[in-house]
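Colleague: I am new to this one. Please walk me through how to read its strands.

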Amino acid sequence: MKINNEKLLKLKELIDQAETIAIASHVNPDGDNIGSSLAFARSLRNYGKKCDVIGHDEIDNYLKFLPDLKYYSKDYKDSYDLFLILDCSEINRIGKAVSIAENSKKTAVIDHHVGGKIQSDLNIIVDDSPATCELVYEIIDRLDFPLDEITATLLFAGIVTDTGRFMYADVSENTFNIAGKLSTKGADMQFVYKNLYQSKPINVMKFENEMISNAEFFDDKVFSLASIDLVEKHKVQMGDAENVVNTLRDLEGIEISMLLKEYGENEYKISLRSKDVDVSKTARENGGGGHIRASGFSIFEENLEKAKQKALEILKNIDD
Ligand SMILES: [Mn+2]
C-alpha cells in the first residue's frame, strides 16, 4: 500500500460529494494515462457517478485497441463538481482542459511523476510508483469501488506500458501483486500483449529502422531524430517514433538515449531515457518533467537543424 489513508479518505469524500466528475491527463496520451483515465472513469460510472474523460488530444494508433476509448471524447462540459488530473503533475500539460479545471469546484491530482506542483484540493503523488494505473488500482481496491473485466484490462495495459513490460527499476513486489489481482479480476493479458507487442505494422518497423540507422553515438549517449519528412515518407504517426528511444537505450554501453521529434510550428519534443542516470533533472531544467529514467521536454527553434544543435548540446552536457 502506497497511498496514505487520510488522503484516500479525503478522495472518497470528494467523490461522494460530487455529482459530476471529469478526468483529464497529459497531452500526447500514453498507455498509462489513457488506461488509468478510462479505468477510473469506468469504475466511477459503475459506482453511480457521471464521469467524463476529457479527450483533448489524438490517440496514437498503437493504443486504439483499448476498450472504452469512446469515452475519451470531445463531448465535455465547461465545469464539474470534481476535476481529477491523472498521470500528470504539470498544469500546462493538460492542454485545453486547464480552463475546465479552473472552473470546477474541486480538483485532485493522482500521479507518479517526480516533483509535481499543481495546486489542488488533494494531491496523491507517489513518485516511487511505476504507473498511475498501480495507484488507481489501489484506490479502487481499498475504497471498494467496482472493478470489472474491462477496468482490469485497462489498468493492466497501463502497468505493462509504463513499466516496460515489468522491467523498470521502480517495479516492486506490489506491481506483480497488483498484476496478479488484475488477472484474477479478468484482465485480458493476452489481448493486451498481442495488441501492444505483436501487431507492429511493417511500415512502422521500416520507419524505426531508418531512425536507428541515422542515430548518432557519443560515448555512452545516443541521439536519434524523427522529422516530419521521415514520418510522411513512411506514412506513420509521430507517436510511432517513441519506441526507438528505448531500443537505443537498451544497447550495450549506452547509458542515455535522446529522441528529437519535429512537431511543426517551431516545436520540437525531446524524449530522454536512461539506464540509471537521473534524466528528470534535465527535463525539468528545460521546462518539462517525467521520471528519473524516462522524461521529456519541448524546445522551440526556427528550424530542425537549430533544434538538433540545441538538443545535442543538452545531451552532451548531461552528467553521467
Ligand atoms: Mn504514467
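Colleague: Which residue takes a positive phi in the hairpin of strand 7 and strand 8?

Modeller: D219 does, with a phi near 50 degrees. That hairpin has 2 residues between the strands. Strands are DSSP runs of E, at least two residues, numbered from the N terminus. Keep in mind that this is a predicted model: local features need pLDDT of at least 70, side-chain atom pairs count only at pLDDT 80 or more, and totals for chains, interfaces and linings use all residues. Residues are numbered from 1 along each chain as its sequence is written, and side-chain values use heavy atoms, with hydrogens and water left out.

Colleague: In which sense do strand 7 and strand 8 pair?

Modeller: Two strands pair if DSSP finds at least two bridges between them. Strand 7 (residues 216-218) and strand 8 are antiparallel, over 3 bridges. E216 faces F223 of strand 8.

Colleague: In which sense does strand 8 pair with strand 9?

Modeller: Parallel, over 6 bridges. Strand 9 covers residues 256-264. There, S257 is the bridge partner of V222.

Colleague: How many residues of strand 8 are buried?

Modeller: Buried means under 20% relative accessible area, with a 1.4 Å probe and protein chains only. In strand 8 (residues 221-226), 5 of the 6 residues are buried, so the strand is largely enclosed by the rest of the structure.

Colleague: Is K261 buried or exposed?

Modeller: K261, in strand 9, is buried, at 7% relative accessible area.

Colleague: What does the side chain of K261 make a polar contact with?

Modeller: A polar contact is a pair of N or O atoms within 3.5 Å; within protein, one must be able to donate a hydrogen and the other to accept it, and residues adjacent in sequence count only if both atoms are side-chain atoms. For K261, the partner is the side chain of E242, at 2.6 Å.

Methods:
Buried < 20%, exposed > 50% of the residue type's maximum accessible area, 1.4 Å probe, protein only. Helix = DSSP H or I, 4+ residues; strand = E, 2+ residues; numbered from the N terminus.
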